[in-house]
Structures are given as structure tokens and as C-alpha cells.
Amino acid sequence: PEPGFKVHQLAKSLVEKGHEVTVLTGFPNYPQGKLFPGYRQKLWQIGTIDGVTVIRVPLVPDHSKSAFWRGLNYLSFMISASCLGPWLCGRADVMYVYHPPLTIGIPAWWIGLLRGIPFVYEIQDMWPESVAASGMLSKPGAVRMLAAMARFVYAQAAAISVISQGFKTNLVMKGVASSKIEVIPNWADGEVYHPVLREPDLGKESGMAGKFNVVFAGNLGTAQALDSVIEAARLLESDPIVQFVFIGDGVEKTRLAKEAPANVKFIERQAEDDMKRYFAWADALLIHLKCDPLFEITIPGKTIAYLACGKPIICAVAGDAAATILEASAGLVTPPEDAAALSDAIRKLLSMSEDERAEMGASGRSYFLSHFDQPILVGRMEALLQRVAAGT
């Protein structure tokens, strides 16, 4: 039930293609850091979801700002997966390993060593850079230790998949062979994320009806640097039609809600299938990350879902994400953590006609279908897994 959409979609799609898939994971606790209702810790639990065998092993639930408790969360899964995984995961020809966290590479290596199973290592966050950028870990010695662990894991992986060209460049500069790295962007399920008509009842219930809604969806954490968005909301308080809407959870949510002006609304995290209904009420969808060189080489996953839903996008992230929005002609780009620039971009969108904004959204949707639709990219991942399984 955790919002880790990519692993679920990949596993389900591979089963539909005739493969046998087993997922080794922990008991669900993200993003609140508490076990989901209906679950309790056991030595292990085995079930089936959408034809996928799901093996859960114990961990310390946490998603707080504490480096100590977050470290325990990562290390506890690393230990339980290393100890129990080799004996529970059954027959396998190849492993797909989803990073973050980096520590997940250790049980992958250990299982591979004991069972002779090669693994593809997919990198969604570049460690140790992302950990340092989030403020979770700042001690030089700890950062160097993570960097050494990363080099070890990269060396053990049969192949590495990254979500952007910037990530590939980063790894090559660290000494990883270019031939070992494949760029496979994140995708979104076009059957889940697509334009839909506005539902009047939902607009009224959510408080989005009658407003020009700038919607940010996803994790409300430190890396998102949402204080700048709150400041932009203050700069736009004089315009009664503009409203900022945050949909999601995260460690910063409580503080942000206390500090936000009256034109900011918070909505609880919604089921993936319902997000398009809320996006229908958005007049602009916002991407925002901390101003950091690391984030210039990433494309946040929400970017793809936004494009799929055919709404204008304001991208306050430099680098690869901004280039994607500009290439798609899907919206406006502003510098990260620049409240004045963000408020100006919102005013610019507000001054446009509905037809102009609709054209931006349609252009983004078209770009999604040609570059980020799930069947295309699942096929590329399937081909990579098959090559690694075959040793070619």
C-alpha cells in the first residue's frame, strides 16, 4: 500500500508479460513512518498482490528527520533482507534492485553471491549527494563511508539503470563504465494518469472550486524546500483567486501548515487512482526542489504524472527537469527557491487565456505519450533484465 508506484507497476506488468515475479520488501510504513493498518511485524509474511509474490521482512518503521532513526530504518531492512532473503525469495534468474536507500544494495550483493543471481541496480537518488543535500547527514566521515559503499555496490551490479542523462554523467565521472549504465526514465501509467473532466462535487468538497489552483502533489519533505512556495503564496495574498494546494504527507507538513497564509490549503495524501480527479481542478501543477546541484541532474517522478494529466506545469527545478518541461512546451520554468520568480510565473499563467493554458497541457500530454508512457519503458526494462539474466 505504500506509494512506491514504479516497483508495483513494473512487477505487475512483468507478470502480465508472462514472467514470475517475487518482491522482497519490508512491512509498509512510508511515508508516515508508521505501520499501515492491518499489518504487524512478523519474522516474515508472504502474500500475493496482482499476481506478484510479496515477501515482507521486519524493519524499524521510520520516516522522521532523525538521522539516527532513519539510519535504523535502512539498516534494519538491510540486515533482515540479507539474513532471510536468500532463503525466502525462491528461484530467480535476475534481481531488480530499487535504490534508495543505498543500503539495499548490500542484501542484493549477498543474495547474488549465495545464489548466483545477477542484479540490475536502479538509481532514483544519487547517494551520498542526496543525503547530504537533504541535511540528513553532514559529517564528512559518514559521507565518505556512503561514497565507498556506493562504489562497492556499483561494482557488484551487473547493470545500472538511471532516470536521467545527468545521473549517467555523474556515475561515469565516478569511474563507472558507460557501457554498464542505461538511461531508462521514470514512467507513469497512462491508464491512471490522464486528463479527466472536473467533478463539481469534488471541487466544492476540496475547496478548489472557484479558485486558480497551483497544486503541489507528493512528499512534503526537506528536499522539496517548500518554504519558498509558502513565501510565494504570501506574495500573492492580495489576489483572492490564487490558491496553493498541497496534496500529500511528509516530515515538513505540520510545520508548513502552521506557517502558511490563508491562501494555502492542505489535502491528505490520496490514492493514486484519485489523483487525476484532483489534478483536473489544478490550473497549474508545481514541481519544486531545493536549490542544489544534485537536483539539476534528476527528473522528479511527479514530472511524468503531471505531463500525463495534461495541465500547465511550473517547474522550479534547474537542469534536466527544466529542460524536459521546455522541450515539451508544457509550462514555465523558474529558479528553485525563488519566491518572487515563482509568484511572477503564476501571475503570467493567470494572465494567459484558457486556450493558451490548454495548449500547454496538451503539448505536455503529447510529450508524455511519446517519451514516458509505461508500456514503452517497461519494455526497455524487461529487455535489460533479460540481457542480464542471459549474461549478455
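Two strands are said to pair when DSSP finds at least two bridges between them. The views below show a predicted model.

**View 1. Strand β6 and its partners β5 and β7.** Strand β5 (residues 119-123) is joined to β6 by 4 bridges, and the two strands run parallel. Within this pairing, Val-120 stands opposite Ala-159 of β6. Strand β7 (residues 181-183) also runs parallel to β6, to which it is joined by 3 bridges. Here Ile-160 stands opposite Ile-181 of β7. In general, strands of a sheet pair through backbone hydrogen bonds, in either a parallel or an antiparallel manner.

**View 2. The two faces of strand β6.** In a regular strand, side chains alternate between the two faces of the sheet. Strand β6 comprises residues 159-162, and both of its faces are covered. Ala-159 and Ser-161 lie on one side, Ile-160 and Val-162 on the other, and all of these residues are buried.

**View 3. An open sheet of 3 strands.** The strand order is β1-β3-β2, and the pairing is mixed. The edge strands, β1 (22-26) and β2 (45-49), each pair on one side only. From one strand to the next, the twist averages 30°. Strand β3 (residues 52-57) runs antiparallel to β2, and 5 bridges join the two. Helix α2 (residues 67-88) lies across β1 and β3, and its direction is at about 130° to β3.

**View 4. The packing of helices α8 and α13.** Helix α8 (residues 227-235) packs against helix α13 (residues 339-351) with the axes 8 Å apart and at an angle of about 55°. The two helices are therefore oblique to each other. The crossing of α8 past α13 is right-handed. From α8, the residues Ser-228, Val-229, Glu-231, Ala-232 and Leu-235 take part in the contact; they meet Ala-339, Ala-340, Leu-342, Ser-343 and Arg-347 of α13. Sorted by class, this contact has 6 nonpolar, 2 polar and 2 charged residues.

View 5. Is Glu-382 buried or exposed? Its relative accessibility is 14%. Because buried means under 20% relative accessible area, Glu-382 counts as buried. When neighbours within four places in sequence are left aside, Glu-382 is in contact with Leu-14, Lys-17 and His-19.

Notes:
Residues are numbered from 1 along each chain as its sequence is written. This is a predicted model: local features need pLDDT of at least 70, side-chain atom pairs count only at pLDDT 80 or more; totals for chains, interfaces and linings use all residues. Side-chain values use heavy atoms; hydrogens and water are left out. Axes are lines fitted to C-alpha atoms, for helices over the stretch in contact, and angles run from 0 to 180 degrees between N-to-C directions. Contact means heavy atoms within 4.5 Å. Buried means under 20% relative accessible area, exposed over 50%, partly exposed in between (1.4 Å probe, protein chains only). Angles under 35 degrees count as roughly parallel, over 145 as roughly antiparallel, 65 to 115 as roughly perpendicular and the rest as oblique. A crossing is left-handed if the near helix is turned anticlockwise from the far one by less than a right angle, and right-handed if clockwise. Ala, Val, Leu, Ile, Met, Phe, Trp, Tyr, Cys and Pro count as nonpolar, Asp, Glu, Lys and Arg as charged, and the others, Gly among them, as polar.
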